[in-house]
Amino acid sequence: MKLCRFDGNRLGVAEGDMLRDVTPVTEALPSLRWPLPPGDLLIAHLPALLPRIAALAPSAPTVPLSSVRIESPVANPNKIIAAPVNYWKHIEESRADAGINYGSDVKAIDHYGLFLKANSSLNGPSAEVPIARPERRTDHEIELAVVIGSGGYRIPEASALEHVAGYAIGLDMTIRGTEDRSYRKSLDGFTVLGPWLVTPDEVPDPDNLDFRLRVGNETRQESNTKHLIFGVRKLIAYASEAYTLYPGDIILTGTPEGVGPVKPGDVMHCWVERIGEMTVGVRAA
Ligand code: MN
């Protein structure tokens with residue numbers, strides 16, 4: 001199932017070029033008072049909601065996908081976790097390009113661990129990415145995004161996929177420079193998640209998915225998640241050794257070679273096998 005948040009917190013099931021509007025199921029979510037529990041309420045209750053969504057969808061009203069504003073399928077993550085330099089060919093290009101490495105010696109993920117992006121950087125694909133520092137190089141990084149369902153601490157690699165609510169396409173937008181990753185990658189709009197959450201039954205092996213990013217007609221990034229240095233299971237285990245994971249936590253798994261700059265007016269066409277496509281514009285801030 002492909003679960004899409006759209007038009008101001010409506011919930012849809014994507015079918016071809018349309019959405020089935022199943023928003024009424026969200027009325028079953030508990031109404032809460034301060035202090036809120038950590039994590040995303042919809043994702044936390046997804047196991048109970050999915051049968052209701054499946055029952056409602058066939059008779060739910062349809063909306064053309066082209067007519068809606070698509071939002072991030074996770075509204076309120078507890079955190080956005082990201083993997084640095086998790087593809088060998090991206091390490092090689094980073095070592096070769098001073099515009100990426102800024103004089104630092106680029107190592108692999110096991111040297112750096114993980115990093116966190118500000119939740120305020122999260123947007124859906126219909127919001128254009130603002131170029132807030134036009135004097136700096138702002139790069140696209142397409143990544144497979146994993147959304148955690150049931151949380152946990154010290155999750156074993158062997159059972160890691162049982163903790164996945166679904167998969168989405170992620171964009172880890174980045175200013176190149178000397179500052180910490182959490183600064184350069186956390187500007188408003190610098191994390192794009194979409195176009196929907198695909199449940200794991202539709203993604204039997206997250207470590208073997210083709211994906212691609214075009215800017216306009218130019219293919220910039222094209223790879224497969226089988227080239228990840230730390231695959232999805234290992235990333236979940238590794239992250240949960242440091243942080244307790246909560247429902248709705250987002251793990252950006254890392255980007256392959258082909259990163260490059262974008263400018264206002266550019267359009268990024270992102271595709272991941274079994275997930276689908278999302279188109280994301282770029283604008284001046
Ligand atoms: Mn990245």
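Modeller: Two strands pair if DSSP finds at least two bridges between them. Strands here are DSSP runs of E with at least two residues, helices are runs of H or I with at least four, and both are numbered from the N terminus.

The model is predicted, so local features need pLDDT of at least 70, side-chain atom pairs count only at pLDDT 80 or more, and totals for chains, interfaces and linings use all residues. Residues are numbered from 1 along each chain as its sequence is written, and side-chain values use heavy atoms, with hydrogens and water left out.

Strand 10 covers residues 138-140 and runs antiparallel to strand 13, with two bridges joining them. Look at Asp139: its bridge partner in strand 13 is Thr174.

Glu143 belongs to strand 11 (residues 142-148), and Asp172 to strand 12 (residues 164-172). The two are 29 residues apart, so this pair links distant parts of the chain. Glu143 is buried at 0% relative accessibility, and Asp172 is likewise buried at 0%. Buried means under 20% relative accessible area, exposed over 50%, and partly exposed in between (1.4 Å probe, protein chains only).

Next, the rings. The structure holds two aromatic pairs. One of them joins Phe230 and Tyr238, with ring centres 5.2 Å apart and planes at 90 degrees, so it is edge-to-face. (Rings of Phe, Tyr and Trp, the last by its six-membered ring, pair with centres within 6.5 Å; planes under 30 degrees apart are stacked, over 60 edge-to-face, the rest tilted.) Phe230 is buried at 8%, whereas Tyr238 is partly exposed at 24%. Phe230 also carries a charge over its ring: the charged end of Lys234 sits there, 4.2 Å from the centre. Arg181 has its charged end over the ring of Tyr112, 4.7 Å from the centre. The test is NZ of Lys or CZ of Arg within 6 Å of the ring centre and within 35 degrees of the ring normal.

Then Leu42. This residue is in helix 1 (residues 41-44). Leu42 touches Leu11, Thr26, Leu29 and Leu49, leaving aside residues up to four places away in sequence; contact means heavy atoms within 4.5 Å. Pro73 is 31 residues from Leu42 along the chain, and their C-alpha atoms are 9.6 Å apart.

Last, the cysteines. There are zero disulfides (cysteine sulfur pairs within 2.5 Å) in the structure. For Cys4, the nearest cysteine sulfur is that of Cys270, 15 Å away. Cys4 is buried at 0%, and Cys270 is buried at 1%.
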